[in-house]
Amino acid sequence: MALKITVIGTGYLGATHAAAMAELGFEVLGLDVVPEKIEMLSAGRVPMYEPGLEELLRKHVAGIEGSTGRLRFTTSWEEVGEFGDVHFVCVNTPQKHGEYACDMSYVDAAFASLAPRLTRPALVVGKSTVPVGSADRLAALLDERAPGDVELAWNPEFLREGFAVDDTLHPDRIVVGVRSEAAEKLLREVYATPVAEGSPFVVTDFPTAELVKTAANSFLATKISFINAMAEVCEAAGGDVAKLAEAIGHDERIGKKFLRAGVGFGGGCLPKDIRAFMARAGELGADQALTFLREVDSINMRRRGHMVELAREAVGGSSFLGKRVAVLGATFKPDSDDVRDSPALNVAGQIHLQGGQVTVYDPKGMDNARRLFPTLGYADSALEAVRGADVVLHLTEWREFRDLDPAELGEAVTTPIILDGRNALDPDQWREAGWTYRAMGRPRA
Ligand code: UGA
């Protein structure tokens, strides 16, 4: 009989995981504590923007015409406990307010709610990004509080927003931290399809599984800050960081990916994960090992300030008062509506606080941006956003912005200056249309 799977927490990670598990052929029950989310998902609608996810959901959600009916949602912990052979915990672990450490309250609450309802044999699988040592602690909690024969495994997730469906169905590796062969066997059954397609399956212990996730995100953050540090040097020396990245990227040991210089990394993962990692290393007495991450963080944050300074220079060098600044992009990356710790909104907010009249446009992030920064100005299109602008800032590299017609925009602005915070526009195209184009880490031309 096919395994029955539950997914606890239906954010970017959980909603995608639930739909992917149904796609792999399992019976799936998703749980969230927010009833509105469950209502939406049960109607086949996704509460966030993630390409391909709604289609996958509608293919499987019970009650939707033509669906397989393998996927249902609930708010009932009893139902989850009775239903599942395997329970995936996918709740989020944000940064604690005013601290570097990660806030484990959602994970702890999920385990506390789930444990007493586990009346039959089950494998609980942690997917949330947690400080190393959490799995040991949560395994002890299950031993103490779950009435049935219950075991824990840790299985970090590496999906990227914008590619979540593909990354979940075709992961470039599957990492499982287990304490028994039975747990490994069950997880091999869950992931049989991607493993058969060639995804490597790495079996390890709890602490290593937890660390793989934070190590991977720390490496990616370091790579971005490395190239942004090179951008600073290029600017000082008159070099071109885009060419530099292209050239070093040809070395296979370095690789081309994650070498795009610009306003730096944001989002709900990289920034908070490197901070939580530093905090946890401190608790373990290994803080010296990760002091370099402090530098990675400060290089990254410096990018935002630098963009504000470039914008100030563009509008005359002293003050933003009375100046109109158009910001193209609000999300932390394209193909997502996620604005958590978005460099684009951070820059927009700083300029606004310094008296600039900021107008933001983003293809998918407007609702979330408005909620987070209600005092910024917003426009319904890029053309509207740039109307009357003294400077235009390109801060999230949506395809829509690459496809803009610089000549048309040039007629709408007061001064045709564009600052490319993502090194993603074609400088020649903008310059030929009469714009002053400037990018981070590249010569002024
Ligand atoms: C990141 C990791 O890439 C995933 O593997 C991981 O699973 C996920 O965090 C997580 O922990 O859940 P994500 O936050 O979706 O995924 O976004 P990334 O694609 O990693 O981009 C992060 C930020 O770095 C974005 O703001 C992006 O604009 C920026 N970035 C990326 C650069 O500034 N330069 C680059 O070359 C690449």
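So, the ligand: one of its oxygen atoms sits 2.9 Å from a polar backbone atom of Phe158. That counts as a polar contact, meaning a pair of N or O atoms within 3.5 Å. At Leu159, a polar backbone atom is 2.7 Å from an oxygen atom of the ligand, and Phe332 has a backbone N or O atom 2.7 Å from a ligand oxygen too. How much of the ligand does the protein bury? Taken alone, the ligand exposes 710 Å², and the protein buries 92% of that; the areas come from the Shrake-Rupley method with a 1.4 Å probe.

Quick word on where this comes from: it's a predicted model, where local features need pLDDT of at least 70, side-chain atom pairs need 80 or more, and totals for chains, interfaces and linings use all residues. Residues are numbered from 1 along each chain as its sequence is written, and side-chain values use heavy atoms, leaving out hydrogens and water.

Okay, the shell. There are 21 residues around the ligand, and Glu161, Lys213 and Asn217 are among the closest; "around" means a heavy atom within 4 Å. Which helix gives the most to that shell? It's α10, with 4 residues. Helices here are DSSP runs of H or I, at least four residues, and strands are runs of E, at least two, numbered from the N terminus.

Now the sheet. It's open, with 6 strands in the order β11-β10-β9-β12-β13-β14, paired parallel. Pairing takes at least two DSSP bridges, and β9 and β12 have 4. At the edges are β11 and β14, each pairing on one side only. Helix α14 packs on this sheet, touching β9, β10 and β12, where contact means heavy atoms within 4.5 Å.

Note on methods
Axes fitted to C-alpha atoms, helices over the stretch in contact; angles between N-to-C directions. Polar contact = N/O pair within 3.5 Å; in protein donor to acceptor, adjacent residues only side chain to side chain.
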